[in-house]
Amino acid sequence: MIALDPGRTLCAARMQSSGHRLRDVEQHQPLLSGGEEEVAASRVWFIQDSCGMVCAFMTWFLVMYAEFVVNFVMLLPSKSFWYSLINGVAFNFLAVLALTSHLRTMLTDPGAVPKGNATKEYMESLQLKPGEVIYKCPKCCSIKPERAHHCSICKRCIRKMDHHCPWVNNCVGENNQRFFVLFTMYIASISLHALCLSGFHFFTCVKVQWNECSDFSPPVAVMLLIFLCLEALLFLTFTAVMFGTQIHSICNDETEIERLKNEKPTWERRVRWEGMKSVFGGPPSLLWFNPFAGLRLRVLMVRARKNGAEFSV
């Protein structure tokens with residue numbers, strides 16, 4: 001007899017630990033077949049959440065504002081060609097990587113479990129052994145894999161869900177945690193770069209009493225620089241802390257939800273480099289820092305036209 005638990009509390013056979021039960025179930029028949037995993041990895045995923053969409057728009061707006069101030073207020077009016085060229089290339093390159101990482105985090109399926117797959121027919125197709133217990137999410141009516149949690153905003157169970165981040169309008173989970181880590185790292189980098197450029201620009205302009213220091217009037221230039229410094233300082237603090245938290249979680253193979261709930265691990269932990277290789281894919285290389293890695297635009301466009309994008313309402 002197969003027991004289907006509607007919640008996280010086990011109310012049936014206790015022949016094995018819950019972690020081993022779920023692992024055995026997925027070995028019998030994965031919750032996502034190979035073809036379904038490929039489709040899930042290549043489809044466009046977007047959460048229709050008003051708060052998240054506003055936060056995502058603000059993220060892009062603030063990065064574009066930093067681009068404007070750095071390029072048109074500080075670098076282009078500079079009399080030093082090489083200073084402008086080197087800093088302009090570095091800042092804009094990091095900004096492109098940051099925005100690409102943001103898009104990949106926002107538009108990548110974080111590891112959503114198929115909705116409504118806890119049917120009698122599907123349960124019979126799993127061919128479970130007597131006494132084996134699996135969990136059912138009562139909110140989205142899906143079979144709940146090990147370490148999956150239900151997100152009330154995405155309205156789905158997400159594999160290895162770390163948290164839901166409104167700034168990327170998506171959950172951070174098994175499939176997009178890598179891009180979220182890159183996003184926080186590159187935002188922290190351009191924030192630090194902008195602070196350094198602003199400090200140097202203030203020092204230079206005060207030294208020459210703002211004569212021929214900028215194409216903008218001194219009051220306007222000062223206001224633009226002050227707002228950029230406040231923005232950069234705020235985002236540097238936030239993203240640096242978040243980056244460190246994510247790296248710590250990956251190295252300990254523990255999500256933020258599991259840490260807050262103080263869940264005892266029922267899985268075999270991948271610590272330090274094993275955890276990093278699991279999230280970033282393969283041994284350490286420059287591909288770890290490339291948000292374009294694995295992006296198959298042609299396949300994505302074909303599947304989007306054929307199957308349509310998946311929107312979570």
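A residue counts as buried when its relative accessible area is under 20%, as exposed when that area is over 50%, and as partly exposed in between, judged with a 1.4 Å probe on protein chains only. F180 is buried in this sense, and F183 is buried too. The structure is a predicted model, in which local features need pLDDT of at least 70 and side-chain atom pairs count only at pLDDT 80 or more, while totals for chains, interfaces and linings use all residues. Residues are numbered from 1 along each chain as its sequence is written, and side-chain values use heavy atoms, with hydrogens and water left out.

**Overall make-up**

- The protein has ten helices and nine strands, where helices (H or I, at least four residues) and strands (E, at least two) are DSSP runs numbered from the N terminus.
- Of its 313 residues, 45% count as buried.
- Contact means heavy atoms within 4.5 Å, and among the contacts in the protein with a separation of 6 or more, 73% are accounted for by residues 24 or more positions apart.

**Helix 3 against helix 7**

- Two packed helices are described by the angle between their axes and the distance between the axes.
- The axes of helix 3 (residues 50-75) and helix 7 (residues 218-252) come within 10 Å and cross at roughly 135°, the axes being lines fitted to C-alpha atoms over the stretch in contact, with angles that run from 0 to 180 degrees between N-to-C directions.
- Helix 3 is therefore oblique to helix 7, since angles under 35 degrees count as roughly parallel, over 145 as roughly antiparallel, 65 to 115 as roughly perpendicular and the rest as oblique.
- Residues of helix 3 that make the contact include L62, F68 and M74, and those of helix 7 include A221, E231 and F235.

**Aromatic pairs**

- A search of the whole structure finds nine aromatic pairs, a pair being rings of Phe, Tyr and Trp (its six-membered ring) whose centres lie within 6.5 Å, with planes under 30 degrees apart counted as stacked, over 60 as edge-to-face and the rest as tilted.
- The ring centres of F180 and F183 are 6.4 Å apart and their planes lie at 40°, so this pair is tilted.
- Because F180 and F183 are three residues apart in helix 6 (residues 177-207), about one helical turn separates them.
- W273 and W288 also form a tilted pair, with 6.0 Å from centre to centre and 35° between the planes.
- That pair links distant parts of the chain, as W273 belongs to helix 9 (residues 273-280) and W288 to the loop between helix 9 and helix 10 (297-307), 15 residues apart.
- Ring pairs also link F68, F72 and F216 into a cluster.

- W273 counts as exposed because its relative accessibility is 53%, whereas W288 is buried, with a relative accessible area of 6%.
- W288 and R178 are 110 residues apart in sequence, yet their C-alpha atoms are 8.3 Å apart in space.
- Not counting residues up to four places away in sequence, W288 touches several residues, among them R178, L182, W273 and P283.
- H164 is found in strand 7 (residues 163-165), and at 17% relative accessibility H164 counts as buried.
- With residues up to four places away in sequence again left out, H164 touches C151, I153, C154, N169, N170 and C171.
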